[in-house]
Amino acid sequence: MSKAVIAALVERFPDAVHAPYEGVGGDDCAFVERSRIVDVCRFLKEEPSLAFNMAPYITAVDYLGATPRFEVVYNLLSTVHNKRVRLRVKVPEGPEGVVPSVTGLWRGADWFERYCWDMYGIPFSGHPDMRRLLMYDEFEGHPLRKDYPLRGRQPLVVEREVHDIFRGPGPASRD
C-alpha cells in the first residue's frame with residue numbers, strides 16, 4: 001500500500017512531493033517541499049483510505065557541507081492499514097530554515113519538534129511551546145550539529161531546584 005500512498009501524494013501534490021524511492025527496510029519515502037509539509041501531512045491523516053493517524057518519530061539529519069544543510073524526517077504510521085511512509089524535508093541553515101509545525105495534526109509531534117530544535121537548531125513555526133527539550137536553558141549551541149565542538153565548554157550554572165516536573169503516570173517511588 002505504501003507505493004499507492006506515494007503515488008497518491010505525487011498525484012495530489014505534484015508541485016510539493018518529488019523523488020519517491022524505496023528506503024532501507026522497504027519503507028516508501030519521498031521528498032516534500034518545506035512550505036507544503038502541513039498540507040501533505042493533513043492529507044495523509046484525514047484521507048480515510050490512507051489514515052496515517054500517528055507520527056511515531058520525527059527527527060533531523062545534519063548534512064554538513066551540503067546545501068541545504070539539514071533534513072527533517074517524518075516517519076508516519078497508519079495503524080488502520082498497518083503501513084508506514086517516510087517524508088523528508090530539506091531545510092536550509094539560518095533564519096530562513098523554519099519548518100511549519102505539524103503539532104496541530106499530531107499532538108505527539110510536540111516533543112519531536114522540540115528535540116529537533118534543541119539538538120539541531122531547526123525552529124518550527126506555529127509550535128505551541130518551542131523551547132529546549134533535553135538541554136538546560138543556558139546551554140550554548142545545538143549538540144548534534146556536526147560542527148558542534150567536541151571539546152567545547154558550556155557556561156556553568158548554579159544548581160537549581162525544579163518545581164514543575166511532570167512525572168506522568170507510575171508509582172511515586174519510581175525515581
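Which strand is Ala 19 found in? Ala 19 sits in strand S1, which covers residues 17-22. Keep in mind that you're looking at a predicted model. The chain has three helices and seven strands, and 41% of its 175 residues are buried. Here's a quick tour, from the overall layout down to single residues.

**Overall layout**

- Reading from the N terminus, the elements go α-β-β-α-β-β-β-β-α-β.
- If you're thinking about a box, the C-alpha atoms fill one of roughly 55 × 45 × 30 Å, taken along the principal axes.
- Take the contacts in the chain with a separation of 6 or more: 50% of them are between residues 24 or more positions apart.

**Surface and charge**

**The annotated domain**

- UniProt, in an unreviewed entry, lists residues 32-153 as "domain: NADH:ubiquinone oxidoreductase 30kDa subunit".
- In the model, that span is 18% helix and 26% strand, and its end C-alpha atoms lie 37 Å apart.

- Thr 67 and Pro 68 are joined by a cis peptide bond, with omega at about -5 degrees.
- Pro 68 belongs to the loop between strand S3 (54-62) and strand S4 (70-78).
- Back to Ala 19 for a moment: its phi is positive, near 55 degrees, and this residue is not a glycine. Its relative accessible area is 41%, so Ala 19 counts as partly exposed.
- Ala 51 is another non-glycine residue with a positive phi, about 55 degrees in this case. Its place is the loop between helix H2 (37-46) and S3.
- Is Ala 51 buried or exposed? Ala 51 is buried, because its relative accessible area of 13% falls under the 20% cut-off.

**Cysteines**

- How many disulfides does the count come to? The count is zero.
- As a reminder, a disulfide is a covalent bond between the sulfur atoms of two cysteines.
- Cys 29 is buried, with 0% relative accessibility. Cys 41 is buried too, with a relative accessible area of 0%.

**Tyr 21, in strand S1**

- Tyr 21 is located in strand S1 and is partly exposed, at 29% relative accessible area.
- What does Tyr 21 touch, not counting residues up to four places away in sequence? The list is Asp 27, Asp 28, Cys 29, Phe 31 and Arg 88. One of these, Cys 29, is the buried cysteine from the group above.
- Tyr 21 and Ile 6 are 15 residues apart in sequence, and their C-alpha atoms are 9.0 Å apart in space.

- You'll find Arg 36 in the loop between strand S2 (28-32) and H2. With 23% relative accessibility, Arg 36 is partly exposed.
- Apart from its neighbours within four places in sequence, Arg 36 is in contact with Phe 13, Asp 15 and Ala 16.
- Where does Tyr 136 lie relative to Arg 36? The two residues are 100 positions apart in sequence, and C-alpha to C-alpha they are 32 Å apart in space.

**Gly 94, between S5 and S6**

- Gly 94 is part of the loop between strand S5 (83-91) and strand S6 (99-100).
- This glycine counts as partly exposed, at 37% relative accessibility.
- Gly 94 and Arg 69 are 25 residues apart along the chain, and 9.7 Å separates their C-alpha atoms.

Conventions:
Residues numbered from 1 in each chain as written. Predicted model: local features only at pLDDT ≥ 70, side-chain atom pairs only at ≥ 80, totals over all residues. Heavy atoms only, no water. Helix = DSSP H or I, 4+ residues; strand = E, 2+ residues; numbered from the N terminus. Buried < 20%, exposed > 50% of the residue type's maximum accessible area, 1.4 Å probe, protein only. Contact = heavy atoms within 4.5 Å. Disulfide = S-S within 2.5 Å. UniProt positions renumbered as here; feature names shortened; annotations may be inferred.
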